[in-house]
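This report describes one protein chain for a reader who is new to structures.

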Amino acid sequence: GSLPLWGVLAKSCNPGTARIALACKWPNYKEYVRRFGLDKPARIDLPAGGACMISDGSNIVNFSRMAYGYAVSVSPLHMAMVYATIANNGVRMKPRLIDCVLKDNGDVYDACEPQVEARVMGEKAAADLRYALESVTKSKNPEGVNRGTATAAAIPGFRIGGKTGTAKKVRSGGGYYEGLYTVSFAGVLPVDNPRMVIMTVIDEPHPTDCNPGGGTVAAPIFRAAAERIINLLNLTPSDPAAYEQYRNEQKPSANTNQQ
């Protein structure tokens, strides 16, 4: 069938993603790999800040696979930087570890000044991409797209955008392991006024009640973390009534407490 551009993200459509990449061509793709900082270490005091592994995209087979996440290896920190850049209206910041202090008004203060590294994309492109990512968490989308792949990341009352990742683990001698996955969900909250990015990665999940995927395993963990940070920062929901109803539904009943 057919999908709108944003629908390729909503449905995690590998053929659609490959077609977009091939239309953009390898030189442009490679340039944005550089702009997002995926071609060098993150320069932070963490083991996960090392350089990424990018295949040769001049090979059309490699390039088509790279479009949807194979033939390329990036650290969770690098992926968090990508989503933080999208959340920050297209401006990439230097990652940093902070010793933060929470103010009475919910703002976070840190003595270490943030440093701009590069503008990766324009503000409108970043905003359009955030709204496309929002379709991933929606149960109802227009144009026949309907349900996204990460509705388990949604929090009623807040606008959340993000993307699932489900990748087979690589064998050291080549090929992939059957039944072994690394799954992830990266999310921006709220998409209309971003305050946070959360990157959730699970290595070799073995759920008993669902398939091991980014939308089934990593997205619910993202939601649980986001709920705690929403309360910590006292974020304002876009739909206060919907969020209040959701909060009330999460509260245990008196009978449950007694039991």
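The model is predicted.

**Overall make-up**

The chain holds 259 residues, and 36% of them are buried. Its accessible surface is about 14,900 Å², with 52% of this belonging to carbon and sulfur atoms. Among contacts with a separation of 6 or more, 60% are between residues 24 or more positions apart.

**Nonpolar cores**

The largest nonpolar core has 22 residues, and the members that touch the most others are Ile155, Phe158, Phe185, Leu189, Phe222 and Ile230. At least two core residues come from each of strand E8 (176–189), strand E9 (196–203), helix H7 (214–233) and helix H8 (240–250). Helix H7 gives the most, with 7 residues. Leaving aside residues up to four places away in sequence, Phe158 touches Leu189, Pro190, Ile230, Leu235, Thr236, Pro237, Ser238 and Tyr243.

**Backbone exceptions**

Most residues other than glycine have a negative phi, and most peptide bonds are trans. Between Leu189 and Pro190 the peptide bond is cis, with omega near -20°. Pro190 is in the loop between E8 and E9.

Asn89, which is not a glycine, has a positive phi near 55°. Its place is the loop between helix H5 (76–87) and strand E3 (91–93). Asn89 counts as partly exposed because its relative accessibility is 31%. Asn234 is not a glycine either, and its phi is positive at about 55°. Asn234 sits in the loop between H7 and H8. With a relative accessible area of 62%, Asn234 is exposed.

**A nonpolar surface patch**

Which residues form a nonpolar patch on the surface? They are Leu22, Ile60 and Val61, which together have about 260 Å² of accessible area. Ile60 belongs to helix H4 (residues 60–66). Exposed means over 50% relative accessible area; Ile60 has 57%, so Ile60 is exposed.

**Salt bridges**

The structure has 9 salt bridges. Three of them are listed here.

| Nitrogen side | Oxygen side | N to O distance |
|---|---|---|
| Arg34 | Glu31 | 2.6 Å |
| Arg92 | Glu117 | 3.1 Å |
| Lys168 | Glu178 | 3.0 Å |

Arg34 and Glu31 are both in helix H3 (residues 26–35), 3 residues apart, which is about one turn of the helix. Arg34 is partly exposed at 43% relative accessibility, and Glu31 is partly exposed at 27%.

Arg92 is in strand E3 and Glu117 in strand E6 (residues 116–119), so this pair ties together parts 25 residues apart in sequence. Arg92 is buried, with a relative accessible area of 4%, whereas Glu117 is partly exposed at 25%.

The pair of Lys168 in strand E7 (residues 161–170) and Glu178 in strand E8 links distant parts of the chain, 10 residues apart. Lys168 is partly exposed, with a relative accessible area of 26%, while Glu178 is exposed at 63%.

Terms used
Residues numbered from 1 in each chain as written. Predicted model: local features only at pLDDT ≥ 70, side-chain atom pairs only at ≥ 80, totals over all residues. Heavy atoms only, no water. Core = buried A, V, L, I, M, F, W, Y, C linked by side-chain atoms within 4.5 Å. Buried < 20%, exposed > 50% of the residue type's maximum accessible area, 1.4 Å probe, protein only. Helix = DSSP H or I, 4+ residues; strand = E, 2+ residues; numbered from the N terminus. Contact = heavy atoms within 4.5 Å. Patch = residues over 30% accessible without salt bridge, like charges linked within 9 Å, V, L, I, M, F, W, Y side chains within 5 Å. Areas by Shrake-Rupley, 256 points an atom, 1.4 Å probe, with all protein chains shown as cover. Salt bridge = Lys/Arg side-chain N within 4 Å of Asp/Glu carboxyl O.
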